[in-house]
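Dear colleague,

Here is the structure I said I would pass on. My notes on its side-chain packing follow below it.

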Amino acid sequence: MVLRPLACLGLLLTALSLSMPAQARKDVAPYLEVGQIFSADLNGNNEVLTYSQVAAGIDASVSNRRSEAQISYRYERRIGWGDKIEDGDSHSGLARAAYQLVPNKLSIEAGALASRARVDGRGGSPSILVGNTDNVTQVYSIYAGPNFKTEAGPLALNAAYRLAYTKVEADDVVLGGGQPRLDQYDDSVSHLATASVGLGPGELPFGWTFAGAYEREDAGQLAQRFESKGIRGDAILPVSPYLAIVGGIGYEDIEASQRAPLLDVTGAPVVDGKGRFVTDPASPRLLAYDLDGLYWDVGVAWRPSRRTSLEARIGRRYGSMSYTGSFTYQMNEATAFGVVVYDDVQTFGQQLNDNLSRLPTSFATVSNPLAPQFGGCVFGGGSGNAGGCLNPVFQSINSSVYRTRGVTAVMSRQRGPWSMGVGLGYAQRKYETPVIAGASFNLDGVRDESWFGQGQIGYQIDERSA
């Protein structure tokens, strides 16, 4: 159990650090912790718990002109006193790396995550993991892939590929009030390939880009499959040195399907030893989501300086109006701010991989033995990237496909011994599932919403104290 996240988080960073020349900047800080936790519930049941906490971890970063990588990982063992709380393990860690194989042309990026996260939307969403916490499980995710860019005369050519794997544990997950588990996410493997060709304004009064993408995910629960392919064309028309009109039109084909669960003699779904549905091998594929058609969007792009960028679009996609946009502002070398408005059709594994790939390769770390460090917002470590928030991903670990819409705002600052971060956001999901005979529930058309806020501030007193 311990070897899986350790290998997942550390393998790539180790390989990169070994390949770096001696003049690369390296910082490695392993640590051990021993703590004693006392918890008293003052809300009515007067439950008092105490347990010991033993942890080992590492914070490390390496960088030079061609590469940058960072890892923060913590393994914790909880030892209960008495029979009111059980022993247990937890893993929390984030690794991000980027390496220029051919400077300014070919690079490889990778990332990995281990975190404790909320499982079911009906239960609580604990952020402080003290005592006997319900509705929480362990999540692992890792991705890697190359990025290529070059020029052919005035044309800009880009291509990328990403392979990702996500795993959710199913052991010892409990919902409050004795509620039964209704959905048991297992694991998934996903592929994403993109390519584009474009010409900037100058040769013509406007610039243009043609792009294509293919994405596929195969999940373990009920042999679920998500497949998306599409092409689109974009145009940009400058109306001033800082302002341009943008627009695009595309075609996409998205299909999500699964098989039915095996039923017993009473007509109830059969589950395995971990509570997951057993797939009926004779079942035909059942459509959960099927969309095939054109979409479009128009908007404005505003870039008054290299430190400021704004883009906002409105269009029609996924059968209704769609609103997307982004705003980034690097106030100075120490402070960055970013806002993202999104609208997409996703699965849990794909959304986690997408958000993980957008996190900075240099990020701030804050030690908190009472909460998972990487289950919410991850703030930039002074690299000009404000960071990002995983809260919309972890609002519920669900195996269904869903349309997700929301907004996330992040600000980070790191200067000298001081570090600070603030993240706010709203997220909404609408689930799409097939109707399965014998199932006691169905999420088709159900919506859930979440609001989140996180803030942190730290001061480094010396090399050993903060």
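A charge is taken to sit over a ring if NZ of Lys or CZ of Arg is within 6 Å of the ring centre and within 35 degrees of the ring normal. By that rule the charged end of Arg429 sits over the ring of Tyr402, 4.1 Å from its centre. The charged end of Arg317 is placed over the ring of Tyr295, also 4.1 Å from the centre.

The model is predicted, and local features need pLDDT of at least 70, side-chain atom pairs count only at pLDDT 80 or more, and totals for chains, interfaces and linings use all residues. Residues are numbered from 1 along each chain as its sequence is written, and side-chain values use heavy atoms, with hydrogens and water left out.

Aromatic pairs

The whole structure holds eight aromatic pairs (rings of Phe, Tyr and Trp, the last by its six-membered ring, with centres within 6.5 Å; planes under 30 degrees apart are stacked, over 60 edge-to-face, the rest tilted). One of them, Phe348 with Phe394, is tilted, at 6.1 Å centre to centre and 50 degrees between the planes. Phe348 lies in helix α2 (residues 348-358) and Phe394 in the loop between β17 (387-389) and β18 (401-415), so the pair ties together parts that are 46 residues apart in sequence. Helices (H or I, at least four residues) and strands (E, at least two) are DSSP runs numbered from the N terminus. Both Phe348 and Phe394 are buried (under 20% relative accessible area; exposed is over 50%, partly exposed in between; 1.4 Å probe, protein chains only). Ring pairs also join Tyr185 to Phe348 and Phe394 in a cluster.

Partly exposed strand residue

Strand β12 (286-305) contains Val300. Val300 counts as partly exposed because its relative accessibility is 39%.

Regards
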